[in-house]
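Let's take a walk through this structure together. Have the sequence and the 3D view open side by side, and stop at each residue as we reach it.

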Amino acid sequence: MPYAFGNMLRITSERLEAGDIVLRLSGQVKGRWVTELSRACRDAVGNGTQTVALDLSEVSYIDLDGVALLRELRARSVRLTNCSIFAAEQLKEVADVER
């Protein structure tokens, strides 16, 4: 189920065969979209998902609140994958960011 918020952030959910979910993000993780991303992750986990992964390949900006949320999600075993160089630099203090 896609969550779309103008040109700011698009969150597209894909359920894999194993029951895992990949949330593909496109745009900027900032402001009110941080709250929407948190809600999308909570909804994914609440649906009995084995694991949740965030695909950050199309993320162009992450503000401080977004970095804090991604750090919190990482601590809850959400995988951060396909980081662009830009996103990886912003998240360099978050362990196990996959590029």
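**A walk from strand to loop**

What you're looking at is a predicted model, and the chain averages a pLDDT of 84, with 83% of the residues scoring at least 70. Strand β3, residues 21–29, has the highest mean pLDDT of them, at 94. At the other end of the scale sits strand β1, residues 3–5, with the lowest mean, 46. Keep that in mind when you look at β1.

Now find strand β4, which covers residues 52–62, and pick out S57 in it. Is S57 buried, exposed or something in between? Its relative accessibility is 37%, so it counts as partly exposed; the in-between class runs from 20% to 50%. Look at what its side chain is doing: it makes a polar contact with the side chain of D55, at 2.8 Å. S57 also sits 7.6 Å from S26, C-alpha to C-alpha, even though 31 residues separate the two in sequence.

Which residues does S57 touch, if you skip those up to four places away in sequence? They are T81, N82 and S84.

Start with S84, which lies in the loop between β5 and α3. Leaving out residues up to four places away in sequence, S84 touches L56, S57 and V59. Helix α3 spans residues 85–90.

N82 is in that loop between β5 and α3 as well. Here the backbone does something to look out for: phi of N82 is near 55 degrees, a positive value in a residue other than glycine.

Our last stop is S77, in the loop between α2 (64–75) and β5 (79–81). The phi angle of S77 is positive too, near 70 degrees, and again the residue isn't glycine. Why does S77 count as exposed? Because its relative accessibility is 52%, and exposed means over 50%.

Terms used: Residues are numbered from 1 along each chain as its sequence is written. This is a predicted model: local features need pLDDT of at least 70, side-chain atom pairs count only at pLDDT 80 or more; totals for chains, interfaces and linings use all residues. Side-chain values use heavy atoms; hydrogens and water are left out. pLDDT is the predictor's confidence in each residue, from 0 to 100. Helices (H or I, at least four residues) and strands (E, at least two) are DSSP runs, numbered from the N terminus. Buried means under 20% relative accessible area, exposed over 50%, partly exposed in between (1.4 Å probe, protein chains only). Contact means heavy atoms within 4.5 Å. A polar contact is a pair of N or O atoms within 3.5 Å; within protein, one must be able to donate a hydrogen and the other to accept it, and residues adjacent in sequence count only if both atoms are side-chain atoms.
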